[in-house]
Amino acid sequence: MRLKKAAPSPQVASPREVSVTETLIRTVILVALTLAFASVFRFWQPAIKAAQHIAGTSVWQELYSLFHIDSGVGREQLILTGIMVACFMLALAVQSVGFLIFRKFRKNRA
């Protein structure tokens, strides 16, 4: 009895491998942007008012019920978590656009 060899599965080659150094740089930039955006909520009065307004909406109040949060500390932690998630998402978007622009600029110079 003769066994047939399976055809090798096609592998998707990435356009360019990302180095560990580049990954670390991206991570540092992402953390720095996240902290920079989060500091806006600490020092800029309109951002503080916006966060208070969002925390007072009925949708946000439903989150307290959904997560069974009854204490003031729990509510404050949820608000801070929401701010940090929003800042992270914004930082991720800014970083992605920044890298696209950087790659396009780099490609045009080469």
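Glutamine 95 lies in helix H4. This is a predicted model, in which local features need pLDDT of at least 70, side-chain atom pairs count only at pLDDT 80 or more, and totals for chains, interfaces and linings use all residues. Residues are numbered from 1 along each chain as its sequence is written, and side-chain values use heavy atoms, with hydrogens and water left out. The protein has 4 helices and 0 strands.

**Overall build and confidence**

- From the N terminus on, the elements run α-α-α-α. Helices (H or I, at least four residues) and strands (E, at least two) are DSSP runs, numbered from the N terminus.
- The mean pLDDT of the protein is 86, and 85% of the residues score at least 70. The term pLDDT stands for the predictor's confidence in each residue, from 0 to 100.
- Confidence is lowest in H2, at a mean of 90, and highest in H1, at 93.
- Where pLDDT is low, the predicted coordinates should not be read in detail.
- Among contacts between residues at least 6 apart in sequence, 57% join residues at least 24 apart. A contact means heavy atoms within 4.5 Å.

**Surface and burial**

- The protein has an accessible surface of about 9,600 Å², and 68% of that belongs to carbon and sulfur atoms. Accessible areas come from the Shrake-Rupley method with a 1.4 Å probe; for residues, only the protein chains shown count as cover.
- Of the 110 residues, 15% are buried. Buried means under 20% relative accessible area, exposed over 50%, and partly exposed in between (1.4 Å probe, protein chains only).

- Glutamine 95 is buried, at a relative accessible area of 10%. Apart from neighbours within four places in sequence, glutamine 95 touches Arg26, Ile29, Leu30 and Leu33.
- Threonine 34 is found in helix H1. Threonine 34 is buried too, with a relative accessible area of 8%. With neighbours within four places in sequence left aside, its contacts are Met84, Cys87, Phe88 and Ala91.
- Histidine 68 sits in the loop between helix H3 (58–66) and H4. Histidine 68 has a positive phi of about 55°, although it is not a glycine. Its relative accessibility is 69%, so histidine 68 counts as exposed.

**Largest pocket**

- Rolling a probe the size of a water molecule over the atoms shows where empty space is left.
- On a 1 Å grid over the protein atoms alone, a pocket is an open set of points where a 1.4 Å probe fits, with protein on both sides within 12 Å along at least five of seven lines; lining residues have an atom within 4 Å of a point.
- The largest pocket has a volume of about 200 Å³. Grid points are joined across faces, edges and corners, and a volume is the space filled by probe spheres set on the points.
- Its lining consists of Arg16, Glu22, Arg26, Phe99, Phe102, Arg103, Arg106 and Lys107.
- Helix H1 (20–43) and helix H4 (72–109) each supply at least two lining residues. H4 gives the most, with 5 residues.
- By class, this lining has 2 nonpolar, no polar and 6 charged residues. Ala, Val, Leu, Ile, Met, Phe, Trp, Tyr, Cys and Pro count as nonpolar, Asp, Glu, Lys and Arg as charged, and the others, Gly among them, as polar.

**Second largest pocket**

- The second largest pocket holds about 160 Å³ of space.
- Its lining includes Phe41, Ile48, Gln52, Glu76 and Ile83.
- Helix H2 (45–55) and H4 each supply at least two residues of this lining.
- The lining divides into 7 nonpolar, 1 polar and 1 charged residues.
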